[in-house]
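Dear colleague,

I am handing over the structure below, and I would be grateful if you could read it alongside the notes that follow.

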Amino acid sequence: MELHFLAGLPRSGSTLLAAILNQNSAARVSTTSDLVRVLDTLASLWANVHTLSVKDPERQRLASTMRAVIAAEYPDAPQVVIDKSREWPRPDIMQSMPAVLGRPMKIIATVRDVPDCAASFVRVAKPESLEDFLKNSSFIKHLQSSYVELQAGFAAYPDAFLFVEYEDLLADPARELARIHDFLNLPAFTYDFDNIDGSTVAEDDAALWNAPGLHDVKPKLERQHSDAAKDVLGRSYLKFMQPAFWRDNPGLPEIQPIDLQFAASKVGDFKKGWELAQQIEREHPEDDRAAYNRGWYLLRQGKLLEGSKLLDRGRREEVFGNRRPDTPQPLWDGKAKGTVLLNLEGGLGDQIHQARYAADIAARGCTVVMACSDDLIMLLRQVAGAAVVVTHSAMLGVYHDYWVPGMSAVVALGYEYRDISGAAYIPKLFVEKGSRKRIGLRWSGNPRFEHEQHRVFDPKLMFDAVKGIDADFVCLQRDMDLDVRPDWVPVAPVSNWLETQETVAGCDLVITSCTSVSHLAAAMGIETWVIQPVMPYYLYAQPGERTPFYDSMRLFRQETFGEWEAPFREVRAALTGPQAVRRVA
C-alpha cells in the first residue's frame, strides 16, 4: 500500500476531487482524517521518553511504530491510499514523514483564489452579519491558517506538491485527473463526471462544523453558482486578496488608495497622505479602516475629539484598542453618575497613559473601577481617582453601572487638547542621590511593536549621542537587546514595575525610544526625551517637540523615514548646549 496525501485550501474542491478519485478501485481517498494528528502526538510522546538524534536507533523504532499505526488505520487498503488533511503541508510534518514512508511525500493540493474560498464559505453559512462572519468565524480563520501552512510547506518542499486549481478541475477534469495519475504513478482510468457518488466522502457536517451540507457533492461536475466573489464579499473583497503562490505568476493584490495613503504617511509625506484620506472619505465614507487612518490626521491638525472619534471606528477592524469586555452594562456617556469601569487597553505604556483619566472620571461624581494588566496593578494603585484597581481577568466580578475603554476615554469626556492636563499623576518616590546628574537610557521596547511602528534604530546612535556627557548613566533596558549595553551604562533593578519606578525616580533625565518606560517617567514628572519615528505614535501626532499629555516630555522626531541620525544630533546638542543644565536638572 502506498500512502499519499490530499490537502489544500478549504472550499477549493478537495472533497469533490476525493469523490471523483474514489470511483477508481485502485485508490481510496479518506474523508477528513486525524491520522496526521495521531502521528504527530505519537512523535511528541516518543520524544518525551527517548532522545532522538539523527542516527539514534530509537528514531528508526519510531518510524516503524508510525508505519504500524498507518497500517492499522487502513487494514484493507487498495493499491493507493490518499489521506485527506489540511495539516499535511506543515514543514515539520513534511520533514519527518519521508523516514516513515521510505520515500518523499506526494501531496495533491487543491487551490483557488482566496476571495473565492471566502465567498464559498459565505454562501454555505449564510451569516446574518457578513462583517462579523468575515472577521470572527472559525471558517475564515481555518481558511487563513490553511493558506499559511500550505504556503510554508510549499516553500520548504516545493517538489512534494501537485496543485489542482478548482477552476481547472471544472474546465477540464479529464486533464487534471491525468496529471494526478502521472504524479502518483497510477494506471490510466476513465472517470465519470456526470455520476459522482458523494456518499464516499460524506461527513457529519452538522455535528462537526455546525454547517449542514458543507461537504455535499453534487452528482454532476458543474459550476454551482454564478455570483462573483466581489459581489459576495462586498468591500471586504480586497482584504482577502493574497498572492496565488502556486502559480508561476502569482500576482499581487491591486494597490488601493488606502495602501497608498498609509505608504505616504509612513514616510512622512503628510500632504499626500491627507489628500488621499479625503479622497477615500468621499468615495468610501463607510470604510472604518480609512476613518481610523483619517483620525490620526485630525489629531495632527489639533482636533483631538473629532480625531479620537474616528480612531474609535478602528475598533470594528480591530486596529485600535481591545475587544469589548463581556459586560452587559452600557458605555459611560461622560455625564451619568455611578460606578464606571475604566478598562485600560493596549500595551503597558498605553495603560500607564490611560490611568490618568481615572481622576477626570471621578471628578464628575463617579466611582471608578480601573482594570489593567497583571504586571501593572501595584504601580497603578498609586494613581489618584480609582476607588478599586483590578486585573483584567477580575474586572467583570466587580460591580459597575457603566464602562469606558481607556483609549477612547477622551471621547466620553469630550476633551479637546486644551482640556488635557500634562501634570504628573504617578508619585515620584524619594531616592537619595549623589551630586552628579543621572540619566536613564532605554533603546528598544517590544520587538513586535517596534517593527510595526517603524521605530527601530541602531542603539549605537543613542550611546554616541550621550557618551562623554558629565553625568552618570543607568540602564532601563530589560529582557531584550541588553547585549549591546556599553560597560559605562550599568544595569539597574527593573525586573518589575515597582523596581522600575524606584530606578526611574533616581534619574534626572530619561532618554528612550517610544516605550512604556517613557510613559512612566513622564507620568512621574521626570524630564523625558522620547525618540519618535517620522510617523509618530497617535498621542504625539501634533507637530512640535512638546505634547499636552506630559509637561515633562520632549519629543525628538525623525526627519526622514529610515534615517535616525538627525534626532540623535538634536539629543547631543540639547545635552551640550547652553540649556543643557536646565534640561537635565
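A cavity is here a set of grid points where a 1.4 Å probe fits but cannot get out, and its lining residues are those with an atom within 4 Å of a point. Please keep in mind throughout that this is a predicted model.

Sorted by class, the lining of the largest cavity comprises nine nonpolar and four polar residues, with no charged ones.

Helix α15 also takes part in a helix pair. Helix α14 (residues 288-300) packs against helix α15 (residues 304-313) at an angle of about 155°, and their axes are 7 Å apart. Because angles over 145 degrees count as roughly antiparallel, that is how α14 runs relative to α15. The crossing of α14 and α15 is left-handed. On the α14 side the contact involves D288, A291, Y292, R294, G295, W296, L298 and L299, while α15 contributes L304, E306, G307, S308, L310, L311 and R313. The residues of this contact of α14 with α15 fall into eight nonpolar, three polar and four charged.

Turning to the pockets, the second largest pocket holds about 1,100 Å³ of space. It is lined by 43 residues, and R11, T15, R86, L214 and H215 are the closest to its centre. The elements that supply two or more residues to this lining are α1 (14-21), α2 (35-49), α5 (114-125), α7 (138-156) and α10 (205-209), with α7 giving the largest share, five residues. By class, the lining of the second largest pocket divides into 13 nonpolar, 15 polar and 15 charged residues.

Two of the helices that line this pocket, α5 and α7, also pack against each other, at an angle of about 155° and with their axes 10 Å apart; they are therefore roughly antiparallel. The crossing of α5 and α7 is right-handed. In their contact, V114, C117, A118, F121 and A125 of α5 meet F139, I140, L143 and Y147 of α7, and the residues of this contact are nine nonpolar, with no polar and no charged ones.

With best regards

How values were computed
Residues are numbered from 1 along each chain as its sequence is written. This is a predicted model: local features need pLDDT of at least 70, side-chain atom pairs count only at pLDDT 80 or more; totals for chains, interfaces and linings use all residues. Side-chain values use heavy atoms; hydrogens and water are left out. Axes are lines fitted to C-alpha atoms, for helices over the stretch in contact, and angles run from 0 to 180 degrees between N-to-C directions. Helices (H or I, at least four residues) and strands (E, at least two) are DSSP runs, numbered from the N terminus. Angles under 35 degrees count as roughly parallel, over 145 as roughly antiparallel, 65 to 115 as roughly perpendicular and the rest as oblique. A crossing is left-handed if the near helix is turned anticlockwise from the far one by less than a right angle, and right-handed if clockwise. Contact means heavy atoms within 4.5 Å. Ala, Val, Leu, Ile, Met, Phe, Trp, Tyr, Cys and Pro count as nonpolar, Asp, Glu, Lys and Arg as charged, and the others, Gly among them, as polar. On a 1 Å grid over the protein atoms alone, a cavity is a set of points where a 1.4 Å probe fits but cannot get out, and a pocket is an open set with protein on both sides within 12 Å along at least five of seven lines; lining residues have an atom within 4 Å of a point. Grid points are joined across faces, edges and corners, and a volume is the space filled by probe spheres set on the points.
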